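This report covers how two chains of a predicted model meet. The structure is shown first, followed by the contact and then the confidence values.

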4 protein chains.
Amino acid sequence: MVAMGDRGRESGRDRDRIVNLSDGVFAIAITLLILDIRVPDMPENLVTTELPTALLALWPKYLGYFLSFVGISTFWMIHQSIFRPIRAYDRVLLYLNFLFLMVVAFVPFPTSLLGEYGNHQLPVVIYAATLAVGRLLLTAIHWYSTRDGRLLDEAQDPGTVRFFLIRGFIPAIFLLSIGVSFFSVGAAIWTWFIMLAVDAIILRRRMSH
Amino acid sequence: MVAMGDRGRESGRDRDRIVNLSDGVFAIAITLLILDIRVPDMPENLVTTELPTALLALWPKYLGYFLSFVGISTFWMIHQSIFRPIRAYDRVLLYLNFLFLMVVAFVPFPTSLLGEYGNHQLPVVIYAATLAVGRLLLTAIHWYSTRDGRLLDEAQDPGTVRFFLIRGFIPAIFLLSIGVSFFSVGAAIWTWFIMLAVDAIILRRRMSH
Amino acid sequence: MVAMGDRGRESGRDRDRIVNLSDGVFAIAITLLILDIRVPDMPENLVTTELPTALLALWPKYLGYFLSFVGISTFWMIHQSIFRPIRAYDRVLLYLNFLFLMVVAFVPFPTSLLGEYGNHQLPVVIYAATLAVGRLLLTAIHWYSTRDGRLLDEAQDPGTVRFFLIRGFIPAIFLLSIGVSFFSVGAAIWTWFIMLAVDAIILRRRMSH
Amino acid sequence: MVAMGDRGRESGRDRDRIVNLSDGVFAIAITLLILDIRVPDMPENLVTTELPTALLALWPKYLGYFLSFVGISTFWMIHQSIFRPIRAYDRVLLYLNFLFLMVVAFVPFPTSLLGEYGNHQLPVVIYAATLAVGRLLLTAIHWYSTRDGRLLDEAQDPGTVRFFLIRGFIPAIFLLSIGVSFFSVGAAIWTWFIMLAVDAIILRRRMSH
């Protein structure tokens, strides 16, 4: 029994290391986003008259910062709910998690693209696709980890499983926004805000149960 | 009772993950500040005569580095005192904390603005507003977490609550400095140093009790 | 006995600090890689026609991002298996680990070189040499930590030792790729993909035992 | 007694948060150093002939990377030995630690200065002064934490105290190197390597006891 206890702590400790590494990548990815917002350059005698306009003109950058901060935060919240019951892991879970982290660490690039050329379709499509792939990988990690309960410390109740199932469909809205972008780039960006609201409502419902 | 103990550890572990993520953002935000101080570029034959002047001319950058380092460190110290008694969290606490981290990760931008155009009013106002919003969000997190003691492991004594209440008024000094900036930009920056001193005195008093 | 228990926890705690620092360096190194992929600059009226081509032209950068992300992830997975049984450390282990972290933190530079001049031999050689040195240092850390079992909490079974011994030969493939690069730079890069596959197969075998 | 145990865990947990934040700053500072080594820019047709020379010409940057990596690693090793016996902290310890972290996070700037203008005296003086201040702050933290044993879990043996006392004189070598730099900039840089060797010998002696 002591041995069992020890092994339990063992895998617990390993799990902690994946979680710590993931949290490191999350923390750096959301903090690096600010490096993309550069202070506008102008001659000293024009600062008083032109700085306000120049700062306002950066609004696509602020929007990108906000969207990606919320996007990665949402990734974190889902990642955290998925890993809470996980007590052990295997090679496949490690690979899926690294693939997911590769997407998280990639987010600053489409964000920068969106901040620079946000009124064009291609950046909007790339941005939506990146976040959709991240969400799909989270769904894959959840599906894999609950497959036969081998990696969890106890079976999840059907409510939780259903909750993740419903949430797993949210990336579809990202894909939808790619369709919308063929008609209107602005409307596609608005779709993401709708998705955030839907996400929050689903989470609220779940929490109040 | 074993179940209770387990649940206690569960939420303790979740709390640790929020705290770790927050510490990651704090650590990166204070370390990224240095990237804004760039080595001046000059031809090799002028280095001996011009490097000293060029390095001294960077003083607004050093001031910004110092102010933001102290500002974020103060955020951390308050965050740490607020989260010490927290044992569980809910959706609202998560949202408030992410909103706060969004401000922490944003600080390098107004710092860069202040280092570039610190003798103008707008950068000073934006800088003061950013730090004030950060402090107000910390006050909101503290207020929410102690609201009904549901998230704490034990009720806080009235002294602690009063201490945070008094500290919660410090952002008002930031807002005051915005008012001051309409008359003198330099005086507004000096207000922040006064605030740091007030902060340290309040903390000293609190600690000696 | 209490003292012994305390000392055990002591060294466990110290070990955690090395592991945390290492995970910090891993997390930052893989997340900084994205800073090397810069959004192409072009006049607004050419975006629709030229952005797709400009983004596709960045493919050596994407390849470098992918290769280094996988390379550092593999470093992490090996590092994690090596440190799992380690319970205490000494000065030599600390030095070896810092030397290894110096290589991990260095990876973004050869990656950037490869993304810029990947069709030339020198960048390919430097990249392969960096990853080979990293792998060799991991082999050295493993060899040192298992030398006399003094730093482990229990002796490793011969299967595990053999597994690491076999894995220790993989850097040889990196060195081989340097030889290949004298004939074909493209072929040398392909060698790395073969190595990744070999790595995954060895790991799979090991895990299924 | 339960209350005592709880308080003990409390301060242990708080201590962990300072240590984690510090490790975050250490990890980021050593990993950011690489951002200062930029891939040289040249037209495609000159790469074969000029890239080797251009990469060799970056040697002051590699030297700076190596020196600062070793410098910050040494900071970490000393920080870790100082904090190992610390179980509680107070306001002064927090302030000293933040002041020290401000120096750690600052290191990339003098490193960049040294890599750019390392054959001039001023960068060498600034670099030596930065590392000396860091070491002095570590000595201050150690002195403060052991002052009356209030913050430690047990009194330190005289050997350990003497070890730190001797080590506390090493910054004097940095200050000496500033004196040397008035006669020869190159000799001043060599002084640092001598200091590293002295440091390693002192540590070796200490460890073998």
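## The contact between chain A and chain B

Chain A puts 44 residues into the contact and chain B puts in 33 residues, where contact means heavy atoms within 4.5 Å. In chain A, Thr31(A), Val39(A) and Trp76(A) lose the most area to chain B, together 18% of what that side buries. About 3,300 Å² is buried between chain A and chain B, and carbon and sulfur atoms give 69% of that area. Buried area is the accessible area (1.4 Å probe) that two parts lose on being put together, summed over both.

Only 9% of the interface residues of chain A are also interface residues in chain B, so the copies meet through different surfaces.

## Polar and charged pairs

One salt bridge is found by the rule across the interface of chain A and chain B; the rule asks for a side-chain nitrogen of Lys or Arg within 4 Å of a carboxyl oxygen of Asp or Glu. Asp23(A) forms a salt bridge with Arg17(B), with the closest N and O atoms 2.8 Å apart. Over all chains, the structure holds twelve salt bridges. Asp23(A) lies in helix α1 of chain A and Arg17(B) in helix α1 (residues 2-32) of chain B, so this pair joins two chains.

## Elements and residue classes

On the side of chain A that touches chain B, the elements giving two or more residues are α1 (2-32), α2 (47-56), α3 (59-83) and α9 (185-208) of chain A. Helices are DSSP runs (H or I, at least four residues), numbered from the N terminus. α1(A) gives the most to this side, with twelve residues.

By class, the side of chain A that touches chain B has 28 nonpolar, seven polar and nine charged residues. Ala, Val, Leu, Ile, Met, Phe, Trp, Tyr, Cys and Pro count as nonpolar, Asp, Glu, Lys and Arg as charged, and the others, Gly among them, as polar.

## Confidence and conventions

The model scores ipTM 0.85 and pTM 0.88. Chain A has a mean pLDDT (the predictor's confidence in each residue, from 0 to 100) of 82, and 81% of its residues reach 70 or more. Over residues 1-10 of chain A, pLDDT stays under 50, and the model has two contacts beyond four places in sequence for them. Where pLDDT is low, the predicted coordinates should not be read in detail.

Residues are numbered from 1 along each chain as its sequence is written, and chains are lettered from A and ligands numbered from 1 in the order in which they are written. In this predicted model local features need pLDDT of at least 70, side-chain atom pairs count only at pLDDT 80 or more, and totals for chains, interfaces and linings use all residues, while side-chain values use heavy atoms, with hydrogens and water left out.
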